Amino acid sequence: MNEYELYVYDEIQSWRSKLLKKSGFVKGLTKKAQNKFNSMIPDRAHKVITEGIKGMVKATLIGSNITTKKDQYHHLSLREKDRLLKEKLSNYKKTAAAEGAGTGAGGILLGLADFPLLLQVKMKFLFDAASVYGFDTRQYEERLFILHVFQLAFSNDDMRRETSKSLNIGINIKSVLADMDWHVFQQEYRDYIDFVKMLQLIPGLGAFVGAYANYNLLDHLGETAMNAYRLRLLKEKPKDY
């Protein structure tokens with residue numbers, strides 16, 4: 001490893017420690033509040049989220065609606081790839097924040113529209129991240145990997161640990177990722193975002209909550225994706241490189 005790769009390796013270890021750290025007392029209280037709040041939300045709102053997630057999964061596996069350019073970053077060093085992804089992430093965060101503020105200010109109907117729109121932004125970012133680090137999303141297993149990165153970012157403690165094991169590459173990707181549990185995938189994502197995103201539907205709070213939540217959700221996803229792909233690159237790097 002060169003000097004920058006050693007620096008990245010240390011960053012990955014810090015990220016994994018933070019990722020696998022057990023949620024604290026406040027997180028438990030938030031979960032209880034979330035369950036209480038969700039029971040008060042109309043079924044229509046929950047249905048919008050569910051259908052949005054189903055559509056995202058289907059589109060991701062087919063890959064037909066993603067316009068990411070392929071094979072354009074192979075010549076870049078790891079440092080250059082990291083810098084490029086951070087630039088792209090900055091733009092995605094601004095887009096997500098603006099979209100969240102706009103839909104949040106528009107009342108409950110536009111607030112509901114934010115769920116599938118934000119999913120599209122997240123997935124487009126993940127396809128871009130895969131491309132930046134040199135992975136071909138035309139391959140089915142690479143699209144499954146994207147979904148696992150998504151799940152790693154937006155799931156509870158136990159699921160994060162299980163998903164982290166799957167993404168600790170060094171084994172055949174296709175054999176590990178072939179058995180995605182779609183019901184669990186959907187429920188984990190909903191449990192992660194429901195509380196803060198449901199607050200977006202409250203009149204007077206929508207615009208602020210929408211912008212703040214979307215910005216931070218993209219920031220969290222960006223950190224997860226960057227380190228997951230960095231880990232793959234370092235593990236798959238030829239020994240004589």
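Aspartate 128 is buried in this predicted model, with a relative accessibility of 9%. Its side chain forms a salt bridge with lysine 124, and the closest N and O atoms are 3.4 Å apart. In total, 7 salt bridges are found in the whole structure.

- Aspartate 128 and lysine 124 both belong to helix α5, which covers residues 107-132.
- Aspartate 128 counts as buried because its relative accessibility of 9% falls under the 20% cut-off.
- Lysine 124, by contrast, is partly exposed at 23%.

- Glutamate 11 pairs with arginine 230 in a salt bridge whose closest N and O atoms lie 2.8 Å apart.
- Glutamate 11 sits in helix α1 and arginine 230 in helix α10 (residues 206-236), so this contact ties together parts that are 219 residues apart in sequence.
- Arginine 230 is buried, with 0% relative accessibility.
- Glutamate 11 is partly exposed, with a relative accessible area of 27%.
- Salt bridges with shared partners join Glu11, Arg230 and Asp82 into one network.

- Aspartate 219 and lysine 93 form a salt bridge through their side chains, at 2.9 Å from N to O.
- Lysine 93 is in helix α4 (residues 78-104) and aspartate 219 in helix α10, so the pair links parts that are 126 residues apart in sequence.
- Lysine 93 is buried at 11% relative accessibility, whereas aspartate 219 is partly exposed at 34%.

**Charge pairing in general**

- Side chains of opposite charge can pair when their charged atoms come close.

- Methionine 1 lies in the segment before helix α1, which spans residues 3-19.
- Methionine 1 has a relative accessible area of 52%, so this residue counts as exposed under the cut-off of over 50%.

Technical notes:
Residues numbered from 1 in each chain as written. Predicted model: local features only at pLDDT ≥ 70, side-chain atom pairs only at ≥ 80, totals over all residues. Heavy atoms only, no water. Helix = DSSP H or I, 4+ residues; strand = E, 2+ residues; numbered from the N terminus. Buried < 20%, exposed > 50% of the residue type's maximum accessible area, 1.4 Å probe, protein only. Salt bridge = Lys/Arg side-chain N within 4 Å of Asp/Glu carboxyl O.
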